Every structure is written in C-alpha cells, then in structure tokens.
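Student: I have a structure open and would like to go through the terms used for it. Could we take them one by one?

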Protein chains: 2
Amino acid sequence: MTSPQLTLYSNASPAGYPLCHFVDEAKTLSLIDKEQKSDWYLKINPNGRLPTLIDHSKGNFAIWESSAILLYIAQHFDTEHKISYDPVSEPKLYSEQLQWIFFAHGGIAPTNHFMRMAPETLPYAVARFKNELIRLISVLEERLKDREWLVGSRYSLADIKTLVRLIEAVQLEPNDYPNVQKWIERIEARPQTHKGLGIPERLDVEKYIKKPLEETRAMGAALFNFKNVE
Amino acid sequence: MTSPQLTLYSNASPAGYPLCHFVDEAKTLSLIDKEQKSDWYLKINPNGRLPTLIDHSKGNFAIWESSAILLYIAQHFDTEHKISYDPVSEPKLYSEQLQWIFFAHGGIAPTNHFMRMAPETLPYAVARFKNELIRLISVLEERLKDREWLVGSRYSLADIKTLVRLIEAVQLEPNDYPNVQKWIERIEARPQTHKGLGIPERLDVEKYIKKPLEETRAMGAALFNFKNVE
C-alpha cells in the first residue's frame with residue numbers, strides 16, 4: 001500500500017506516526033527553526049502545522065490535518081478496506097469510524113502543554129486536562145470491554161487515530177485500564193505499526209518524560225513564544 | 001432536506017446549531033441536570049456529550065460527535081450536494097472540506113472555559129488560548145481574502161463547522177478581520193442558517209457575555225465539578 005507518489009512532511013511527534021505506514025518518503029521539518037511557518041510550507045498548509053501530505057499523482061495536491069490525511073489515504077489507497085470502512089457498502093461502520101476519529105481528534109491529549117511546557121505550574125489547568133483525559137480513557141475502557149477494536153471487527157483508522165492521541169497521554173498516567181492496555185498491545189503487535197512509528201524518527205517517550213522540567217519548559221518557550229493578551 | 005426520521009438530542013450551545021438545519025425534531029437535554037450522563041443516553045452516546053442524532057430509518061442508528069453527524073447527514077440526505085462535496089466526483093474538494101472541518105473541530109474556540117468558567121483567572125492559560133484563537137482567525141482571514149467560501153465555490157460543511165466554532169470565540173475578540181466578518185455575514189444571510197440556529201433555543205450570546213464572572217464561574221462549577229489531580 002506504500003506509494004512513491006506520496007511525500008509526507010512531518011516531525012518526530014505522534015500526529016505524523018500513523019501516516020508513515022503509507023509513504024516511502026517522509027521529510028522532517030524542525031519546529032524549533034519554525035520551518036512549518038516558512039513561505040513555501042504555508043503555501044501547501046495555510047495553518048502552518050505538521051503534518052502535510054503531497055500526492056504527486058494528483059498534481060501535487062496537498063492534504064493537511066492528520067485526520068484528513070488518514071481519510072484521504074484510505075479513500076484513495078485502501079480500496080480493499082483492509083484498515084478502513086467503506087462509506088457505500090458499510091455506511092454505519094464508516095460513520096462509527098468517523099465518530100471515534102472526531103472523539104480522538106477533538107478530545108484526547110491536551111495535557112502535555114500544561115504539565116511540561118507552560119512556564120509555570122497551573123494546578124487547575126493541569127487538573128482540568130487530566131480529569132478530562134481520565135474521563136476519555138474511561139470511555140475507551142468501557143467501549144473495549146467486549147470488543148477487540150473500536151469499530152466493527154477489524155483494526156481501522158479509528159484505532160490508529162485514537163492510539164496516536166493516547167501515546168502522549170498514557171505515558172503521563174498510571175495505567176489502570178486493562179482493556180485499553182490490551183488494545184494497545186494488539187496494535188503494537190502489528191508489524192506495520194512499527195514501520196509507521198519509525199519514519200521519521202520516533203519521539204523517544206521514555207527519554208522525553210525523564211527530561212527535567214526546566215528543559216521541557218525551555219522547549220515550550222522556544223516553540224510557543226506566548227505573549228500575554230489582556 | 002428535513003426529515004421526520006431524524007431526532008436530534010442537543011442543547012442551547014453552538015455544537016448542535018448547524019445540525020438543526022436538517023431535523024424536524026430536536027430534544028433539549030439539561031447539562032446542569034447531567035441528563036447527558038444518564039444511562040439511556042450513554043447507550044446512544046458512550047462519550048456522554050451533546051449532540052447525538054438518531055436515524056429512525058436505519059434501526060435507530062445513533063451518530064454522535066457533531067462533525068460526524070454533519071458528514072452523516074451530508075452522505076445520506078444531501079445527495080444533490082447542495083451543501084457538501086462528493087467524495088467520488090469531487091475528491092479534492094471533498095478532502096479540502098474534511099481538512100477545514102478538522103481544523104475547526106480540533107483547533108478553534110477553547111477560550112471560553114478559562115475566560116469565564118474556571119474558578120480562578122489564570123492569565124497564562126487565557127493567553128495561550130487567546131493567542132491560538134487569534135492565530136487561527138488570521139489563518140481564516142488569509143484563506144478568505146479572495147474567496148467567498150472556505151472550500152470551492154459554494155457554501156459547505158466546512159463553513160458550517162468553522163462558523164459554529166467561531167460563534168463563541170468571535171464574541172470574545174474585537175473583530176479586526178474584515179474577510180472573516182464578510183464571510184460570517186454571507187452565512188448569516190442564508191435563511192436556513194436562522195432556522196438552524198433556532199432549534200433548540202439558541203444561546204443568547206449578548207446576554208451570556210454580560211453575565212458577571214461569579215455567575216459564569218458558578219455555572220462552570222456546576223457543569224465541570226473538577227477535583228484536583230496530583
């Protein structure tokens with residue numbers, strides 16, 4: 001299913017991981033150097049964020065937003081529906097797949113910024129995001145109590161997207177969710193997962209979470225550079 | 001395009017507005033009474049949030065996540081593609097529509113909580129979300145500089161979704177974005193918009209933003225009830 005007609009611009013953070021299953025060429029941009037805000041990149045992705053996929057076979061058509069990229073790849077390259085559901089022949093499963101993609105896309109994993117990158121510790125902000133994360137993981141735990149995959153009877157974009165959003169989150173939380181844990185192990189056991197997680201170089205989570213707070217805060221300051229707004 | 005075969009569970013907040021274009025029956029649940037966490041509702045929406053659409057014509061199939069509901073309605077009821085793009089005959093426009101839906105779904109409008117509902121003012125948290133909101137509106141301003149609609153040459157789900165996410169946001173920000181402002185006026189001028197915005201009863205934004213902080217904070221406490229998490 002890989003294609004030399006696709007180029008992915010990404011970096012070593014989880015949003016780009018699952019897309020790497022499908023491409024032979026992935027190019028890394030540096031957030032620290034603000035390469036994602038350069039003129040040439042803003043022409044292909046007006047939002048100035050990573051990742052972006054270029055489909056050379058369609059006149060260098062650019063697709064951005066990682067979830068939109070997943071759906072594009074599924075529509076055009078997973079025509080046998082090995083990892084996705086077909087909107088025409090399986091409309092309910094297709095809709096369920098979308099529901100879980102949006103659940104993950106909008107909900108999971110905003111804890112990291114306030115825990116590790118903000119210049120000061122804000123207990124209320126940390127608690128707000130951690131409580132919401134715990135709630136969302138509990139929703140997954142319940143969903144997975146009698147099923148192997150989030151939607152239907154096979155691995156799909158819903159699992160891919162949700163796992164990616166959990167990668168940052170679960171490291172931060174002791175894992176009291178056996179159904180979620182077993183589901184992660186099922187995904188990790190797929191050989192394609194590890195190919196995907198390797199291009200471009202995967203963020204070393206173990207190393208990252210051991211970094212001292214002053215180091216991750218410095219990274220936050222370099223990346224975000226927030227001014228106060230009255 | 002309305003159908004008596006669809007029931008929408010929603011409330012007076014923006015996520016449900018655009019869905020009301022398409023249904024004749026909308027039922028309001030009370031967040032304060034936590035109706036969205038009741039057993040019967042969790043059976044149709046495991047995430048316990050509003051809105052949820054029930055398609056009675058498909059064995060009472062339940063669809064949740066407002067963006068997934070929009071795409072479901074488009075697939076099954078907008079077969080002439082009056083407000084959406086067709087994945088098969090217009091694959092690039094369909095993908096662009098998804099890109100902007102995800103842009104809005106994941107990005108816009110998380111300012112409200114920290115500005116008005118959190119129990120204390122956290123300047124850094126407020127600034128983080130306001131800066132990001134300003135950045136996102138600037139992306140829209142640039143996008144709309146030479147086009148009427150976010151995608152292609154007609155009003156679509158991308159405009160619907162993005163406007164809904166801006167409704168809460170723009171009220172909080174003096175509007176220095178003429179292209180965005182004209183685009184909002186174009187949407188507001190559509191008669192269907194006002195039908196949609198009326199069922200169930202629309203949140204009175206003018207009244208809401210004039211509420212004293214202690215009142216919105218009390219609402220936040222009732223709705224969210226956060227415990228600190230160490």
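Tutor: Gladly! In this predicted model, 38 residues of chain B are in contact with 39 residues of chain A. Local features need pLDDT of at least 70 and side-chain atom pairs 80 or more, while totals for chains, interfaces and linings use all residues. Residues are numbered from 1 along each chain as its sequence is written, with chains lettered from A and ligands numbered from 1 in the order in which they are written.

Student: What makes two residues count as in contact?

Tutor: Their C-beta atoms, placed from the backbone, lie within 7 Å. On the side of chain B that touches chain A, α5(B) gives the most, with 10 residues.

Student: How do you know that the copies meet through the same surface?

Tutor: 100% of the interface residues of chain B are also interface residues in chain A, so the surface is the same.

Student: Why is B:R49 called partly exposed?

Tutor: Buried needs 20 or more other C-beta atoms within 10 Å of the residue's own, exposed 12 or fewer, and partly exposed lies in between, with C-beta atoms placed from the backbone. B:R49 has 18, so it is partly exposed.

Definitions and conventions: Helices (H or I, at least four residues) and strands (E, at least two) are DSSP runs, numbered from the N terminus.
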